[in-house]
Structures are given as C-alpha cells and as structure tokens.
Amino acid sequence: MTQPFGHEKLIVYQKGIRFVAVRSALLNGLPRRVAACDHLDRGAESILVNIAHTGGTWFPNERIVYLGHANGSALECAACLDVLVAKSLLADEAVYPGKSLLAEVVCMLIAMRKVAVNRVREQHPVYRTKKGRLLDHEDLDVYQVAVQVVAWLESMLIKFSCSADLRAKLDKSTTSIVLNIAEGNGRFTRTNQATFYETAYKATIQSASLVDLATASGDADLLQVEQGRELLRRIAAMLTALAKVATHD
C-alpha cells in the first residue's frame, strides 16, 4: 500500500481540507460574487499548498517561511468572511464554524513555527484572544474600522451615481484594506508585516479617491459620505503608526 505524504498526516492540514469544504458551501450559497470571494478561493488553496511545502523541505528557515505564508492566508480567509458579513451576504452564525476552523489552523501554525528550529510538530491551540475574539487581528482597532468601511460602502453604493466598473473598484480596494491588515498581522517577520500594512495604506488612499469620484455628482448625502471619508482617514493614520512600529522594532 502506498504511504501518504507526510503533510497529509498533519491535523492542521486535515483541518485546512475541512475549511475548503466549508468555504465551498458558503460561496455556493451567496446571491452574488464580490472581490472577497476570489480572495477566499485563493487563500484556502494557499493554506493547503504552504502547509504541504513545510513537509517537503528539510531546512527550518524554509519551513518558517512556508508556515508564515500559510498563517497569513488563513487570516486572509478569516477576513474575507468578515467582509462577507459586513456586506450582509452572510450572517455571523453562518461564518462562525469556518472562522473557528481557521482559528485552530492559525494556533497550530504558530505552535509549529515555535518548534521549527528543531522539527515541525503540532500543538493543541488556545482559541481566544485577550478581548475574547477568535483571531488576534480582530483585536486591532484599525481592523474593526476597516470592516466598518466595508459595511458603510455596502450601504452607500445604491446612493452613488457611478458606473458598475467604479463600484467594482471600490469593492476591491476596500476589501484589500481589510485583508492586508489581517494577513500582515499574521506574518512572522516585521518586514513582512510592514509590507502588508503599506499595501493596506495604499488601498486606503485609493478607496478615498474612488469615493471622491463616485460622489462627484453630489447626489449622495454629504454627511454620510463624510462619515466614510473620516473612517478612511482614521485607517490611514493607524496604518502609518503600525508601519512605523513594524519597521523600527
């Protein structure tokens, strides 16, 4: 009988497979596709591929890199689920099983990274953050404000007199803010974190300019538009501070 690959025996890999099934069920039930859907597809695949690579290399430093990629992708997937909830495409209770699986995967990956210098082995995870949430990035104020921006945009799109292309770009750019904050927080090196925070910052600036374009006709309520702009300004300020910490730590 042919022996399975080493990574196929890992509990964390098996949980990743289970998440792929959960992801498919969630996406198949959506009334429409948004930018987060494609990210969720790619992120789920990236988790599995990078976990598999950890079992295919003999060098601890390479394992750490692959574990960091897998961890970042898991957090990206969790952020995608938050985006879908913020857009009212899914309910909190619908995404909770998937996020719980991802929390287990993340805890296992972090534990595997801690022992990667000697050998990769799995540990039993603890599932709650200091604020009682499933994943660390959810404790970040900048992440919570970014999710608010997604919800704000979803409520405002019907009030914007703009093209479908511009609406799609707004969806993509605001989603990018959320996902890059989550994935950056999960990277294992400060340099990688700073790179993702910079990407999130650029997406924030782009989102602000796209909002200006979408509201140039003056049809939307100015007070509501200003609320969104203020959220984006807050995100930009917090990301600037996070990037400075990451590059000088």
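Two residues are in contact when heavy atoms of theirs lie within 4.5 Å. Keep that in mind for this predicted model. Helix H3 covers residues 60-86, and helix H4 covers residues 92-114. Residues of H3 such as Ile64 and Leu67 meet residues of H4 such as Asp92 and Val95.

**Helix H3 with helix H4**

- H3 and H4 pack at an angle of about 165°. Their axes are 9 Å apart.
- Angles over 145 degrees count as roughly antiparallel. H3 and H4 are therefore roughly antiparallel to each other.
- The crossing of H3 past H4 is left-handed.
- On the H3 side, the contact includes Ala70, Asn71, Ala74, Leu75, Cys77, Ala78, Leu81, Asp82 and Val85.
- On the H4 side, it includes Gly98, Lys99, Leu102, Val105, Val106, Leu109, Ile110, Met112 and Arg113.
- What classes do the residues of this contact of H3 with H4 divide into? There are 16 nonpolar, two polar and four charged residues.

**Helix H2 with helix H3**

- Helix H2 runs over residues 35-54. The axes of H2 and H3 come within 8 Å.
- H2 and H3 cross at roughly 155°. That angle makes H2 roughly antiparallel to H3.
- H2 passes H3 in a left-handed crossing.
- The contact of H2 with H3 holds 15 nonpolar, eight polar and two charged residues.

**Cysteines**

- A disulfide is a covalent bond between the sulfur atoms of two cysteines.
- How many disulfides does a search of the whole structure find? The search finds zero.
- A disulfide needs two cysteine sulfur atoms within 2.5 Å.
- For cysteine 37, the nearest cysteine sulfur belongs to cysteine 80, 8.3 Å away. Cysteine 37 is in no disulfide.
- Cysteine 37 has a relative accessible area of 0%, so it is buried.
- For cysteine 77, the nearest cysteine sulfur is again that of cysteine 80, at 5.9 Å. Cysteine 77 is in no disulfide either.
- Cysteine 77 counts as buried because its relative accessibility is 0%.

**Serine 88**

- Where is serine 88 found? Serine 88 sits in the loop between H3 and H4.
- Most residues other than glycine have a negative phi.
- Serine 88 is not a glycine, yet its phi is positive, at about 60°.
- Is serine 88 buried or exposed? Serine 88 is exposed, because its relative accessible area is 64%, and exposed means over 50%.

**Alanine 86**

- Alanine 86 lies in helix H3.
- Its relative accessible area is 14%, so alanine 86 is buried. The cut-off for buried is under 20%.
- Alanine 86 and valine 149 are 63 residues apart in sequence. In space, they are 8.8 Å apart, C-alpha to C-alpha.
- Which residues does alanine 86 touch, not counting residues up to four places away in sequence? They are Val147, Val150, Ala151 and Glu154.

**Glutamine 193**

- Glutamine 193 is found in helix H7, which covers residues 190-214.
- Glutamine 193 counts as buried, because its relative accessibility is 10%.
- Leave aside its neighbours within four places in sequence. Glutamine 193 is then in contact with Gly184, Asn185, Arg187 and Ala246.

Note on methods. Residues are numbered from 1 along each chain as its sequence is written. This is a predicted model: local features need pLDDT of at least 70, side-chain atom pairs count only at pLDDT 80 or more; totals for chains, interfaces and linings use all residues. Side-chain values use heavy atoms; hydrogens and water are left out. Axes are lines fitted to C-alpha atoms, for helices over the stretch in contact, and angles run from 0 to 180 degrees between N-to-C directions. Helices (H or I, at least four residues) and strands (E, at least two) are DSSP runs, numbered from the N terminus. Angles under 35 degrees count as roughly parallel, over 145 as roughly antiparallel, 65 to 115 as roughly perpendicular and the rest as oblique. A crossing is left-handed if the near helix is turned anticlockwise from the far one by less than a right angle, and right-handed if clockwise. Ala, Val, Leu, Ile, Met, Phe, Trp, Tyr, Cys and Pro count as nonpolar, Asp, Glu, Lys and Arg as charged, and the others, Gly among them, as polar. Buried means under 20% relative accessible area, exposed over 50%, partly exposed in between (1.4 Å probe, protein chains only).
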